[in-house]
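Work through the two exercises below with the model in view, trying each task before reading its solution.

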Amino acid sequence: MSLVAESPDFLQVYSDGTVKRFAPETAPPCLEPSNDPNGFRSKDVVIDPLKPITGRLFLPPSVSSSEKLPVLVYFHGGGFCIGSTTWLGYHVFLGEFSATSRSIVLSVDYRLAPEHRLPTAYEDCYAAIEWLRDQASTEPWLQQAELSRVFLSGDSAGANIAHHVAVKTIQKWVCPVKIKGIMLIHPYFGSEKRTEKEMEDGGSEDVKSNDMFWKLSIPEGSNRDYFGCNFEKANLPERIWSKFPAIEVHVAGLDFLKERGVMYAEFVKKNGVKDVKLVEAKGEKHIYHVLDPKSDAARLLQKQMSQFMKRF
């Protein structure tokens, strides 16, 4: 048995198919509000016990019975191969965002590659949207959920998922909920054709890492022009683009994937999505809000996301 792929401190894949994951610090759900001024609550839910798909719900403090709250459905990053809503960085950032934005947050734990290659993550995360609709009348923590104001977001691979779930909701004749907007944070896309930045000296390690995660996550026999990797290859009809919700793309100034995020924003504009905004966090690196969720930059991101949601 030999090691065939590795992301140090996070993932090892062996020749016999064995996968070992090494999670950073995690956080349990907090059913009771903390003494923190934000005072959010959280609890874990089962979205589909057979697959399985799970999630974590976050509630802001002091929700009255008459208050209606928008819903943010969030998909974590990790190259489709690692990551969890239980990771401390996600728990803190999303819990505090729930409090800051006065919204309900559903953070989804989808099945991971390479055991479950794409499009599994897209299907699992769309199933979370259907679960949200089905549970809204029976789940106590969703009693104040306003399903006509649902937003999708995610970071890195999770931002990729948010895009594809948005597409799937439009393709369905009857959408389970009303998607008002999507917020893509440091989106993870790719292609067989290298970008200028990917061909620069000094970027070889980033390219190697990205290629490894794509090789582990796309269907066997596919390449980086698979529609889930290269958004230009999806060949979506005009009717899909014309119905696309508002998009806010967040990029980080020091992020190797910044170029891909800018390309995505330009591409959706070119295809007729009218409400597209690109926001750059200068001097910040990839997923800084997860690595340091209490930083000033992370709090600014929470404010920007909250302002985006309040537009609708």
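**Exercise 1: a strand and its partners**

Asp44 stands opposite Arg56 in S5. This is a predicted model, in which local features need pLDDT of at least 70 and side-chain atom pairs count only at pLDDT 80 or more, while totals for chains, interfaces and linings use all residues. Residues are numbered from 1 along each chain as its sequence is written, and side-chain values use heavy atoms, with hydrogens and water left out.

Task: find which strands pair with S5, and in which sense.

Solution. Begin with strand S4 (residues 41-48), which pairs with S5 in the antiparallel sense over seven bridges; the two form a hairpin with four residues between them. Next take strand S7 (residues 104-109), which pairs with S5 in the antiparallel sense over five bridges, and where Ser107 is the bridge partner of Arg56. Finally, consider the cover of S5 (residues 53-59): six of its seven residues are buried, that is, under 20% relative accessible area.

**Exercise 2: two helices**

Task: describe how helix H1 (residues 88-101) and helix H9 (residues 296-310) cross.

Solution. The axes, lines fitted to C-alpha atoms over the stretch in contact, come within 10 Å and cross at roughly 45 degrees. That makes H1 oblique to H9, since angles under 35 degrees count as roughly parallel, over 145 as roughly antiparallel, 65 to 115 as roughly perpendicular and the rest as oblique. As a last step, list the residues that meet (heavy atoms within 4.5 Å): Phe93, Glu96, Phe97, Thr100 and Ser101 in H1 meet residues of H9 including Arg299, Gln302 and Met305.

How values were computed:
Axes fitted to C-alpha atoms, helices over the stretch in contact; angles between N-to-C directions. Buried < 20%, exposed > 50% of the residue type's maximum accessible area, 1.4 Å probe, protein only. Pairing = 2+ DSSP bridges.
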